[in-house]
Amino acid sequence: MNGDLRIERVRWWHLSAIARMETAIFGPEAWSEGVLWSELAAGHDYRAVFDGGDRIAGYAGTAFGDAEAWINNIAVDAAHRRRGIAAMLMDDLLARARAGGAKSVFLEVAVDNVPAQRLYDRYGFYGIGVRKNYYQHTGTDAAVMRMDL
């Protein structure tokens with residue numbers, strides 16, 4: 001992994017760049033800048049990995065509850081993939097979940113997103129169900145996964 005990478009809390013001024021990345025990665029299922037604003041306003045925790053400068057290489061959003069955490073999204077810019085950024089984000093959010101007293105972490109992932117599922121498998125997530133037609137624009141199902149901390 002590149003030593004110039006750093007992880008920081010997402011601020012409102014990062015949201016337009018994240019929204020552009022969402023569109024490039026998720027197409028019609030992308031969250032808008034307004035939805036991302038709502039996520040921050042709701043108190044959800046978003047972290048971004050920055051390259052050596054101010055460019056966002058990847059980001060992740062997590063909602064924390066009393067004994068659980070939900071990964072809302074995790075994405076890495078195509079130009080920065082295969083550099084350990086997703087793992088960096090996962091390590092960070094899992095450490096924060098443990099520190100906050102979470103006993104389990106949940107997420108939904110598109111059933112056709114095999115690379116993401118492999119990442120989650122490596123961290124010990126396991127399938128607990130399927131949400132049919134979860135991704136509204138494409139009708140893609142989502143696998144619901146859980147990891148016990």
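How many aromatic pairs does the structure hold? The structure holds five aromatic pairs, where rings of Phe, Tyr and Trp (its six-membered ring) pair if their centres lie within 6.5 Å, and planes under 30 degrees apart count as stacked, over 60 as edge-to-face and the rest as tilted.

The model is predicted, with local features requiring pLDDT of at least 70 and side-chain atom pairs counting only at pLDDT 80 or more, while totals for chains, interfaces and linings use all residues. Residues are numbered from 1 along each chain as its sequence is written, and side-chain values use heavy atoms, with hydrogens and water left out.

**Aromatic residues at the surface**

A pair of aromatic rings is described by the distance of the centres and the angle of the planes. One of the pairs, W12 with W37, is stacked, at 6.2 Å centre to centre and 25 degrees between the planes. Helices (H or I, at least four residues) and strands (E, at least two) are DSSP runs, numbered from the N terminus.

W13 is also placed in the loop between β1 and α1 (15–26), and W12, W13 and W37 form one aromatic cluster.

W12 counts as exposed at 52% relative accessibility, as does W13 at 51%, whereas W37 at 39% counts as partly exposed. Buried means under 20% relative accessible area, exposed over 50%, and partly exposed in between (1.4 Å probe, protein chains only).

**Salt bridges**

Side chains of opposite charge can pair when their charged atoms come close. A salt bridge is a side-chain nitrogen of Lys or Arg within 4 Å of a carboxyl oxygen of Asp or Glu, and by this rule the count comes to nine. The table lists some of them.

| Salt bridge | Closest N and O atoms |
|---|---|
| E8 and R6 | 2.5 Å |
| R131 and E108 | 2.8 Å |
| D54 and R6 | 3.5 Å |

D54 lies in the loop between β2 (45–50) and β3 (56–64) and R6 in strand β1 (residues 6–9), so their pair ties together parts that are 48 residues apart in sequence. D54 is exposed, with a relative accessible area of 70%, while R6 is partly exposed at 27%. E8, which also pairs with R6, is partly exposed at 31%.

R131 in strand β6 (residues 126–135) and E108 in strand β5 (residues 104–110) are 23 residues apart, and their pair links distant parts of the chain. Salt bridges that share partners also join D45, R47, D92 and R96 into one network.

**The surroundings of N73**

N73 is found in strand β4 (residues 68–76) and counts as buried at 8% relative accessibility. A polar contact of 3.4 Å joins the side chains of N73 and Y46. A polar contact is a pair of N or O atoms within 3.5 Å; within protein, one must be able to donate a hydrogen and the other to accept it, and residues adjacent in sequence count only if both atoms are side-chain atoms. Not counting residues up to four places away in sequence, N73 touches E22, W31, L36, Y46, Y59, A60 and G61, contact meaning heavy atoms within 4.5 Å.
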